[in-house]
Amino acid sequence: MSAPPLTMEFLMIRATARVCWTRRAALLSLCAAAACGGGGDIAAPPPEAPRLQIASVLVEDPASGTVYFSHDDHWHGFPTVAMGAPRRLLMHFVKQGRAPDDHDMPPRNEWFTLAPHADHSLPVVIEDPTRARWEGDRLGGALTGQQAGASRLNIRVFRATTTVWEAPPLNFIVR
């Protein structure tokens, strides 16, 4: 038996009404989201600059061509400076670490400086400031001997006020 035409018409009207209400509800929720979100302009957080990767530092004496490099928790070589004579030292870094038993200096094509990283600084602190003083920038500096003896340089890389990387202390001698 088939349903009377009035009942079929009623079911079709009811189904159409259901579809309309579903569409209206979706439209209302979109309007509410847009109103709450300030017109749809959602401010994304600023992209974070990629963190600078440093595995070790190389300190180069350009006058002699000597390079001292950090390896894990120690250094290979140390500078000697004359009293009263500044010695220019350049700082280079490498991203890739070496194996614990690999004591070869990293190849020069892996070296980089902080020159393109204007938001980074390279503070160098001398443990015994009576022995020597340091004047430098992001690329290196001058170590000037003031009193005969030994001390150590502490080399750190900062981004604003945050320490990004720190080398083991580098011994040096003033003669």
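Author: Let us begin with R133, bearing in mind that this is a predicted model: R133 forms a salt bridge with E135, and the closest N and O atoms of the two are 3.1 Å apart.

Reader: And is R133 buried, exposed or partly exposed?

Author: R133 has a relative accessibility of 39%, so the residue counts as partly exposed.

Reader: Okay, what does E166 pair with?

Author: E166 forms a salt bridge with R156, where the closest N and O atoms lie 3.2 Å apart. Because E166 belongs to strand 11 (residues 162-166) and R156 to strand 10, the pair ties together parts that are 10 residues apart in sequence.

Reader: How accessible are E166 and R156?

Author: E166 is partly exposed, with a relative accessible area of 42%, and R156, at 28% relative accessibility, counts as partly exposed too.

Reader: Switching topic, how many salt bridges are there?

Author: The count comes to 7 salt bridges, and one of them is where the side chains of E127 and R152 meet, at 3.0 Å from N to O.

Reader: Where do E127 and R152 lie?

Author: E127 sits in the loop between strand 7 (124-126) and strand 8 (132-136), while R152 is in strand 10 (residues 149-159), so this pair ties together parts that are 25 residues apart in sequence.

Reader: Buried or partly exposed, those two?

Author: E127 counts as partly exposed at 40% relative accessibility, and R152 likewise counts as partly exposed, with a value of 33%.

Notes. Residues numbered from 1 in each chain as written. Predicted model: local features only at pLDDT ≥ 70, side-chain atom pairs only at ≥ 80, totals over all residues. Heavy atoms only, no water. Salt bridge = Lys/Arg side-chain N within 4 Å of Asp/Glu carboxyl O. Helix = DSSP H or I, 4+ residues; strand = E, 2+ residues; numbered from the N terminus. Buried < 20%, exposed > 50% of the residue type's maximum accessible area, 1.4 Å probe, protein only.
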